[in-house]
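The sequence and the model are shown first.

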Amino acid sequence: MLRSALAFALFVFPITALAETNLLMAEEHGCVWCERWDEEISHIYPKTAEGEAAPLRRFDLHKGTPEDIVLARPVHYTPTFILVQDGKEIDRLEGYPGEDFFWALLAMMLDRANIPFEAQS
């Protein structure tokens, strides 16, 4: 009975839905591109499908990566946006290319990771 319940749950809820997904933002004091992202995106990000699919989690570049995260390589630039699933980096965007390009590039990252969402229009 337990096996059939588990099999049903995996069928109804895909593995990606069970995974914990976040978008990490590496930032640093004085980063003008971080400030621009804050002005243009930060207030709407949590209200979007992308923000629901990959909630934002910030960290200071100079204080180090959060202990529960494994990166594919070190972060050298701010802002760097790192898509993380179950504590492991699966994709990244270095820099902030402006509002329009940010949404398109983030959508590509989520698509490559098979993370379901409805893109911004």
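## Basis for assigning exposure

A residue is called buried when its relative accessible area is under 20%, exposed when that area is over 50%, and partly exposed in between. Arg-57 has a relative accessible area of 27%, and is therefore partly exposed. The coordinates come from a predicted model.

## Overall architecture

The protein chain contains five helices and four strands. Along the sequence these elements follow the order α-α-β-α-α-β-β-β-α. Of the 121 residues in the protein chain, 39% are buried.

Among contacts in the protein chain with a separation of 6 or more, 57% are between residues 24 or more positions apart. The accessible surface of the chain is about 7700 Å², and carbon and sulfur atoms contribute 57% of that area.

## The entry into strand 1

Ala-19 lies in the loop that joins helix 2 (15–18) to strand 1 (21–27). Its relative accessibility is 17%, so Ala-19 counts as buried. When residues up to four places away in sequence are set aside, Ala-19 touches Gln-85 and Asp-86. The C-alpha atoms of Ala-19 and Gln-85 are 6.2 Å apart, although 66 residues separate the two in sequence.

Thr-21 belongs to strand 1. With a relative accessible area of 8%, Thr-21 is buried. Beyond its neighbours within four places in sequence, Thr-21 is in contact with Ala-53, Ala-54, Pro-55, Leu-83, Val-84, Gln-85 and Ile-115.

## Salt bridges

Side chains of opposite charge can pair when their charged atoms come close. The structure holds eight salt bridges. One of them pairs Asp-68 with Arg-57, with 2.8 Å between the closest N and O atoms. This pair connects distant parts of the chain, since Asp-68 is in the loop between strand 2 (56–60) and strand 3 (80–85) and Arg-57 is in strand 2, 11 residues apart. Asp-68, at 46% relative accessibility, counts as partly exposed, and Arg-57 is also partly exposed, at 27%.

Another salt bridge brings together the side chains of Glu-89 and Arg-92, with an N to O distance of 2.8 Å. Both Glu-89 and Arg-92 are buried. These two residues are part of a network of salt bridges that links Arg-73, Glu-89, Arg-92 and Glu-94.

Leaving out residues up to four places away in sequence, Asp-91 touches Phe-81, Ile-82, Leu-83, Met-109 and Arg-112.

Asp-91 forms a salt bridge with Arg-112, in which the closest N and O atoms are 2.7 Å apart. The bridge links distant parts of the chain: Asp-91 lies in strand 4 (residues 88–94) and Arg-112 in helix 5 (residues 99–112), 21 residues apart. The side chains of Asp-91 and Arg-112 also meet the description of a polar contact, at 2.7 Å. In this pair Asp-91 is buried, whereas Arg-112 is exposed, with a relative accessible area of 51%.

## Helix 5

Helix 5 consists of 14 residues and spans 20 Å from its first C-alpha to its last, close to the 20 Å expected at 1.5 Å a residue. Its buried residues include Phe-102, Trp-103, Leu-106, Ala-107, Met-109 and Leu-110. Viewed down the axis of helix 5, the buried residues fall within an arc of 160 degrees, so they line one face of the helix. An α-helix has 3.6 residues a turn, so residues three or four places apart point the same way.

The buried residues of helix 5 pack against strand 1, helix 3 (32–42), helix 4 (49–53), strand 3 and strand 4. On the other side of helix 5, Asp-100, Phe-101, Asp-111 and Arg-112 are exposed. After helix 5 comes Asn-114, which has a positive phi near 55 degrees.

Key:
Residues are numbered from 1 along each chain as its sequence is written. This is a predicted model: local features need pLDDT of at least 70, side-chain atom pairs count only at pLDDT 80 or more; totals for chains, interfaces and linings use all residues. Side-chain values use heavy atoms; hydrogens and water are left out. Helices (H or I, at least four residues) and strands (E, at least two) are DSSP runs, numbered from the N terminus. Buried means under 20% relative accessible area, exposed over 50%, partly exposed in between (1.4 Å probe, protein chains only). Contact means heavy atoms within 4.5 Å. Accessible areas come from the Shrake-Rupley method with a 1.4 Å probe; for residues, only the protein chains shown count as cover. A salt bridge is a side-chain nitrogen of Lys or Arg within 4 Å of a carboxyl oxygen of Asp or Glu. The expected span of a helix is 1.5 Å times one less than its number of residues. The arc is that of the directions from the helix axis to the C-beta atoms. A polar contact is a pair of N or O atoms within 3.5 Å; within protein, one must be able to donate a hydrogen and the other to accept it, and residues adjacent in sequence count only if both atoms are side-chain atoms.
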